[in-house]
Amino acid sequence: MLPQERRKLILEKLVENERINIEQLGEQLNVSTMTIRRDLAYLEEEEKIIRTHGGAVLKKRLVAETSFQSKKAQNSDQKKKIAQTALNYIQDQSTILLDAGTTTLEIAKLLKHETNLTVITNDIKIASELLDSKLKVIVLGGELQNTTGTLFGPLTEQVLEKLYVDIFFLGAHAIDLKAGVTAPTHEKAAIKQLMVKAAESTWIVADSSKFNQKSFTKVCDLSCVEGIITDDRITDEYMRELQDYLKVTVADGRELV
């Protein structure tokens with residue numbers, strides 16, 4: 001089989017299976033793993049795939065990291081509605097953990113006028129928003145990602161390992177029924193995992209543009225969280241599919257439990 005034919009088959013298998021394994025692919029195509037690795041290296045140079053440990057995924061299927069300014073401009077009206085709906089799940093005197101992100105920033109803007117709440121976050125933009133509030137605000141330490149305002153790394157993880165909170169609002173980079181919630185880096189996924197672990201209940205806050213998307217590394221399965229709050233552009237069919245895993249609340253008032 002010519003290299004061009006083999007690489008075409010590799011791409012076809014990726015379209016069908018979304019992820020391939022080097023060992024299995026070598027057996028299926030009756031070539032060495034070294035040959036497969038060379039094929040994958042070639043396809044990655046062509047920007048058609050992304051190599052992973054032991055295999056590869058299609059590049060176009062992964063949602064890359066975006067800057068704060070880019071995310072802020074996307075679906076801003078939907079994010080405000082989601083934030084307003086999220087307030088219904090916050091009880092007086094609660095300890096709230098806000099993930100980094102533009103949707104959680106909208107929640108913070110609404111919370112700044114409240115009292116008797118504690119807000120914990122790894123987002124310096126959220127912390128800045130709450131400067132003049134009467135809330136108790138705790139900022140997690142760590143390394144700063146300049147493009148997003150997110151704090152992450154070992155210092156952030158050490159603090160999170162010792163925390164217990166009432167509710168966590170998880171900002172999802174990408175959501176897929178099978179893959180669950182995914183993030184663009186291992187470091188961010190690790191932070192989000194610890195946040196889920198620290199919370200009595202976790203609610204995903206994400207507009208519907210995040211659905212049927214995958215990013216680089218897994219955060220958690222959908223069944224690991226309490227529910228999701230999203231916008232009114234979600235279809236009834238997709239709502240029912242999500243219901244197999246978690247509670248669904250839409251900013252227009254629709255709810256599946």
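Which residue lies over the face of tyrosine 42? Select arginine 7: it sits over that ring, at 4.0 Å from the ring centre (the cut-off for a charge over a ring is NZ of Lys or CZ of Arg within 6 Å of the centre and within 35 degrees of the ring normal).

Before moving on: this is a predicted model, where local features need pLDDT of at least 70, side-chain atom pairs count only at pLDDT 80 or more, and totals for chains, interfaces and linings use all residues. Residues are numbered from 1 along each chain as its sequence is written, and side-chain values use heavy atoms, with hydrogens and water left out.

Next, pick tyrosine 89 and tryptophan 203. They make a tilted aromatic pair, 4.2 Å centre to centre with 35° between the planes (ring centres of Phe, Tyr or Trp, the latter by its six-membered ring, within 6.5 Å; under 30 degrees is stacked, over 60 edge-to-face, the rest tilted). Tyrosine 89 is in the loop between α5 and β4, while tryptophan 203 is in strand β12, 114 residues apart (helices are DSSP runs of H or I, at least four residues; strands are E, at least two). Tryptophan 203 is buried at 4% relative accessibility, and tyrosine 89 is partly exposed at 25% (buried is under 20%, exposed over 50%, partly exposed in between, with a 1.4 Å probe and protein chains only).

Now colour β10, β11 and β13, an open antiparallel sheet in that order (strands pair if DSSP finds at least two bridges). β10 (174-176) and β13 (217-220) are the edges, each with a single partner strand, so one side of each lacks a neighbour in the sheet.
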